[in-house]
Amino acid sequence: MFVRRKLFLSLVIVAVSLYVFLASMTVIYFNKVYLGEVQTRVQLDLNTVQNIYENNVNELGQIINLLTFERNISVGIPTVAEHDDILYIKKYLDLYQKKFSLDILTLTDVSGNVLYRAHNPQKYGDNIASLSIFK
């Protein structure tokens, strides 16, 4: 019976030692590998969020520039229209299109008749008031 106790005690000691060893290795693995991976992913997510934030700030800046520039257009065009200087308006709108990297820029009168298209200057005179974008 004494041998059985020694054998049982030895097995328990080996099992507890193995358990402590595996627990220690798991903690080490968790700290080094898993937490490192999580920290890397969080850092990447933070970088992505920062890029999105900067893009939104840039877009807001462009909108503010557009609004201030738009005010200048609405003030400047009637004055120019009184003098029938369409070339000045065309140059002004072409500059506006390039400054803000616009794909499409169309000048219309109050009725929706196209006076000038910066992206397609040859096409004008048609009425675009019925387009769904203006409703």
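How many aromatic pairs does the count come to? In this predicted model, the count comes to one aromatic pair. A pair of aromatic rings is described by the distance of the centres and the angle of the planes. For F30 and Y34 the ring centres lie 5.1 Å apart and the planes meet at 25 degrees, so the pair is classed as stacked, the cut-off for stacking being under 30 degrees.

Both residues of the pair belong to helix α1, which spans residues 2-82. F30 and Y34 are four residues apart in this helix and are therefore separated by about one helical turn. F30 is partly exposed, at 39% relative accessibility, and Y34 is likewise partly exposed, with a relative accessible area of 45%. F30 and Y34 also contribute to a nonpolar surface patch of about 720 Å².

The largest nonpolar core consists of eight residues: I89, L93, Y96, F100, L105, L107, Y116 and A118. Helix α2 (residues 86-99) supplies the largest share of this core, namely three residues.

Q97 is also located in helix α2. With a relative accessibility of 14%, Q97 counts as buried, because the limit for burial is under 20%. Apart from neighbours within four places in sequence, Q97 is in contact with L102, D103, L105, A118 and H119. Among these contacts, L105 and A118 are members of the largest nonpolar core.

Notes:
Residues numbered from 1 in each chain as written. Predicted model: local features only at pLDDT ≥ 70, side-chain atom pairs only at ≥ 80, totals over all residues. Heavy atoms only, no water. Patch = residues over 30% accessible without salt bridge, like charges linked within 9 Å, V, L, I, M, F, W, Y side chains within 5 Å. Areas by Shrake-Rupley, 256 points an atom, 1.4 Å probe, with all protein chains shown as cover. Salt bridge = Lys/Arg side-chain N within 4 Å of Asp/Glu carboxyl O. Helix = DSSP H or I, 4+ residues; strand = E, 2+ residues; numbered from the N terminus. Core = buried A, V, L, I, M, F, W, Y, C linked by side-chain atoms within 4.5 Å. Buried < 20%, exposed > 50% of the residue type's maximum accessible area, 1.4 Å probe, protein only. Contact = heavy atoms within 4.5 Å. Phe/Tyr/Trp six-rings, centres within 6.5 Å; stacked < 30°, edge-to-face > 60°.
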